[in-house]
Amino acid sequence: NSNNKFINNHIIGPQIASNICGGIYVCGSNNTIANNIVDTKGVGLTTQWGTNLVIENYTIENNTFNQGASISAASIRKSVYRNNTVTTGRTIIRDSVAENNKFLGSCTITNCNLTNNTIKGALTISNSSNVTGNSLETLYITSTSSKDNVIENNRIIAKNTTKPVTIKSTNNTFKNNYVVGITTPGDEALDIAQGNIVENTTPVSNTVTITEENFGNYFDNDGNLLSEEIRDFTTINIQGTLTDRKFIISNLMVTIEGIDATLNNGKITLEEGAVAYIKNIKFNTEDIAIELNSDDSLIENVTINTSSSDAAIAIDGNGNTVTKSTITLSNETSAKAVTIKGSNNKITNNNITSNKAASVNAIIVDGDSVGNNILSNTITINNATDAKAVVINGKFNHSQVSSNNIYINATNVCAIDATGDMESAVINTNKIFVGTANTFKAIAIKGNLDNVTVN
């Protein structure tokens, strides 16, 4: 099985992953696999089981692996991977060269040269690999025995972590890389153990501190930015108590952090192109506290006390996360904690409480959406006439409402209310406690269901 060419084929495999059925199985040496399309779940390319042959010196180029098909090639050595696309599956390669590929799932390499590739999932590296000129989202060396790796001239830009680079071993070189986490630039985005060479990581951040007294040096009374000191990768420290102050950020990537900070009737708004890490701020307000009209921001450890009938946090964007925050609703008529219009947003590990409002819809997902996840929140509603912890209006596809603790004392209760169609959605392991109620529904789903899990 050596010195063969397998080219220009279209392989259509099963739509359920199988341990014994995949796309291309190889053995022998000096083979070429080129210009093929593999559409299958599970394995797209791997080695034939049960063979004792040496498997090396392959040319694997211009292939496309779709529908989750993976490259699992740890036993294929001394080979070249060039101009391949793996659309969602993982990639595992060893003792080889990979250049100009698009690995859109995770990738694990051992003793490889990786050059000019685009990798959207996590890249995990071990043992004497060279990683140069790639476009990455995250990079990990997690084994303390993985050494002598050289990582140079890469662009590493993450959307879901402040630390996209983790290196736990020693004797590695990390030089001339451009690294950005969620608003954390350069060295601030690195988690690298001592005993490595780390040089010239860009970009470089700056810090400004805003108080009640100097607010006007940076923003006008409407919240518009005045100062050029606030630019990409600026950390804006809000210090002390500020009253009736608004912050509007557009087309910048910043961190907004409170230092014993309280905003009384203050508001933070992210407009188009803005990405922010907002943390450690207390809001006392009669209005929306945080408004996200952009994508990929993180809100963490904020405290919001609001008497507004509008949402405390309004999300009209994609890929945003609200986590580890406390929201207390005190409007006596109508109350909302978080509203979502967009996809791939996460509401996780928050505490939401309403003790006064007659009508409460704690978390609302409006419009057709994909990939929204509402996980591990504690929602407490007391003294309401109509109480709903999670309301889903519109399609709710590839999304999840799970592991939430919901406590309600109200006249009419519907803990989770979904009015739209669902596809590949999960509603499970929620704990719903109802003290008093005249009418009670734990979960109400009114739309059409396709591959939906409810338990």
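Relative accessible area is used here to class residues as buried (under 20%), exposed (over 50%) or partly exposed (in between), with a 1.4 Å probe and protein chains only. The structure is a predicted model, in which local features need pLDDT of at least 70 and side-chain atom pairs count only at pLDDT 80 or more, whereas totals for chains, interfaces and linings use all residues. Residues are numbered from 1 along each chain as its sequence is written, and side-chain values use heavy atoms, with hydrogens and water left out.

Salt bridges, defined as a side-chain nitrogen of Lys or Arg within 4 Å of a carboxyl oxygen of Asp or Glu, number 12 in the structure. One of them joins Glu61 to Arg82, with the closest N and O atoms 2.8 Å apart. Because Glu61 belongs to strand E7 (residues 59-61) and Arg82 to strand E10 (residues 80-82), this pair ties together parts that are 21 residues apart in sequence. Strands (E, at least two residues), like helices (H or I, at least four), are DSSP runs numbered from the N terminus. Arg82 is partly exposed, its relative accessible area being 26%, and a network of salt bridges links Glu61, Arg82 and Glu99.

A further salt bridge is formed by the side chains of Glu291 and Lys267, at 3.0 Å from N to O. This pair links distant parts of the chain, with Glu291 in strand E33 (residues 290-292) and Lys267 in strand E31 (residues 267-270), 24 residues apart. Lys267 has a relative accessibility of 17% and therefore counts as buried.

In the salt bridge between Lys446 and Asp417, the side chains meet at 2.5 Å, N to O. Here too, distant parts of the chain are linked, since Lys446 is placed in the loop between strand E52 (439-445) and strand E53 (449-450) and Asp417 in strand E48 (residues 405-418), 29 residues apart. Lys446 is exposed, with a relative accessible area of 52%, whereas Asp417 is buried, with a value of 5%.

Ser402 is located in strand E47 (residues 400-402) and, at 2% relative accessibility, counts as buried. Its side chain takes part in polar contacts, that is, pairs of N or O atoms within 3.5 Å, where within protein one atom must be able to donate a hydrogen and the other to accept it, and where residues adjacent in sequence count only if both atoms are side-chain atoms. Such contacts join the side chain of Ser402 to that of Gln400 at 3.0 Å and to that of Asn428 at 2.6 Å. When residues up to four places away in sequence are not counted, Ser402 touches Ile374, Leu375, Ser376, Val426, Asn428, Thr429 and Asn430, contact meaning heavy atoms within 4.5 Å.

Asp260, in strand E30 (residues 253-264), counts as exposed at 73% relative accessibility. Its C-alpha atom is separated by 7.9 Å from that of Thr241, which is 19 residues apart from Asp260 along the chain.

Backbone geometry was also examined. Most residues other than glycine have a negative phi, and most peptide bonds are trans. Thr183, by contrast, has a positive phi near 70°; this residue lies in the loop between strand E24 (178-180) and strand E25 (190-192) and is buried, with a relative accessible area of 1%. Asn349 has a positive phi near 55°, is found in the loop between strand E40 (346-348) and strand E41 (351-354), and is partly exposed, with a relative accessible area of 42%. A cis peptide bond, with omega about -5°, joins Thr202 and Pro203, and Pro203 is placed in the loop between strand E26 (197-199) and strand E27 (206-210).
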